[in-house]
Structures are given as structure tokens and as C-alpha cells.
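Here's a quick briefing to read with the structure open beside you. Take it one topic at a time, and find each spot as you go.

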Amino acid sequence: LYQNMQQGVAYHSLKKETELVNNYLDIQQVRFGHILKISKFIDPGIILENIPVPSMLLQIHVENAVEKGIRNRPGAHELSISITEDAHSFLISIEDDGRGRLSLGPDENRKGSTEVMNDLIDILNSYNQHKIKVTYDDRIIGDRYGTRVCVYLPKNFNYEFEKI
């Protein structure tokens, strides 16, 4: 990440991103005393090394699931990550059984990591016909808890910025 920042590169491979997420989740397993139940599914045909993604794309959403969702609801302990594909895009889904985004009040005094990531995606999308899309589904468990974040990554996407 540091090297990318020094070179003005806003992306890396999905393999590198999943390594960051796995390291973070290993730390959380120790923190939660192995109560945290993590399930991961990666379509076996997907070669993660060949898929560029915005740096911290998954990390931000996984960290939000743990810190804002699971940690803040007694009894919550499940996190699911899946990576699949169709003919035109890769789909990354992150689900948790935490308290959900709708129970969070707005924080108008600061721009959170999700908003910063959305700004980066907006910039990248402005250079592309096919857009990265991020959707949020709240109250996915019994209409009361949980959040699902879905990230759609077009297979034909340019991550390079035009130099000014």
C-alpha cells in the first residue's frame, strides 16, 4: 500500500486485498477469542492475482462489518465473504449479523472511510464506460439485524488516472 501511494497508484490485485483482509481477520479472531465465525467462498475458477481492485476496497467494508456491526450487537458473531463472477463482472459480497447500518446515527462532523472509498470509485468510474457499483442491504436477518455489501467489479475496467 505504501509503495502504491508513493507511485500514485490507487489499486492492487484482489489477491493482495484478500491478504490484507485475512491478516485483519486473524487479529480479530484473537481479539474475539475465536467467537467470530468467518466463512469465505471464492469461486475456484477466479485467479485473484489477475483482478485489480481499488486499494482497501474489501478491507474497509470488512472492518466496518466487524467494528460497527458485530462488535456493537451482543450475540453477533458471523461474517461471510464471497467472490464470484459472471460473464461481465466479479461480485464481492460481505455480510454480517451485526447491528446494521440503519441503527447508526449520521455523523455529520467527519467523512468516514466508506465515503472516501466511494469518492475514489466515483473518480475511477469517470474514466470508464462500465462502472464499479457498491450496494448496501440492511436488516438482512429477520428484518432487524445485519448488513450486506455487494461490490460489482466490471471485468473490463481501467484503473489508471490521466496525468494532469
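Let's start with Asp143, an exposed residue with a relative accessible area of 66%. Keep in mind that this is a predicted model. Asp143 lies in the loop between β6 and β7, and its phi is near 55 degrees, a positive value in a residue other than glycine. Why point that out? Most residues other than glycine have a negative phi.

- Arg139 also has a positive phi, about 55 degrees, although it is not a glycine.
- You'll find Arg139 in strand β6, which covers residues 133-141.
- Arg139 is partly exposed, with a relative accessible area of 43%.

**The whole chain**

- The protein chain has four helices and seven strands.
- Follow the sequence along and you get the pattern α-β-α-β-β-α-β-β-α-β-β.
- Out of 164 residues in the protein chain, 40% are buried.
- Take the contacts between residues at least 6 apart in sequence: 72% of them join residues at least 24 apart.

**The nonpolar core**

- The largest nonpolar core has 36 residues, and Leu79 and Leu153 have the most contacts inside it.
- Several elements each supply at least two residues of this core: α2 (14-31), α3 (57-69), β4 (78-85), β5 (89-96), α4 (113-125) and β7 (145-154).
- Which of them gives the most to this core? That's α3, with six residues.

**Two helices side by side**

- Two packed helices are described by the angle between their axes and the distance between the axes.
- For α2 and α3, the angle is about 20 degrees and the axes are 8 Å apart.
- Angles under 35 degrees count as roughly parallel, so α2 and α3 are roughly parallel to each other.
- The crossing of α2 and α3 is right-handed.
- On the α2 side, the contact is made by Leu14, Glu17, Thr18, Leu20, Val21, Tyr24, Leu25, Gln28 and Arg31.
- On the α3 side, it is made by Leu57, Leu58, Gln59, Val62, Glu63, Val66 and Glu67.
- What kinds of residues make up the contact of α2 with α3? They divide into nine nonpolar, three polar and four charged.

**A buried arginine**

- Arg73 sits in the loop between α3 and β4.
- Is Arg73 buried or exposed? At 17% relative accessibility, Arg73 counts as buried, because the cut-off for buried is under 20%.
- Leaving aside neighbours within four places in sequence, Arg73 is in contact with Asp97, Gly98, Arg99 and Tyr145.

**Two more places to look**

- Asn156 is in the segment after β7, and with a relative accessible area of 62% it is exposed.
- Not counting residues up to four places away in sequence, Asn156 touches Asn128 and His130.
- Asn156 and Asn128 are 28 residues apart along the chain, and their C-alpha atoms are separated by 8.8 Å.
- Val116 is in helix α4 and is partly exposed, with a relative accessible area of 45%.
- Val116 and Ile60 are 56 residues apart along the chain, with 10.0 Å between their C-alpha atoms.

Note on methods: Residues numbered from 1 in each chain as written. Predicted model: local features only at pLDDT ≥ 70, side-chain atom pairs only at ≥ 80, totals over all residues. Heavy atoms only, no water. Core = buried A, V, L, I, M, F, W, Y, C linked by side-chain atoms within 4.5 Å. Buried < 20%, exposed > 50% of the residue type's maximum accessible area, 1.4 Å probe, protein only. Axes fitted to C-alpha atoms, helices over the stretch in contact; angles between N-to-C directions. Parallel < 35°, antiparallel > 145°, perpendicular 65-115°, else oblique. Left-handed = near helix turned anticlockwise from the far one by under 90°. Contact = heavy atoms within 4.5 Å. Nonpolar A, V, L, I, M, F, W, Y, C, P; charged D, E, K, R; others polar.
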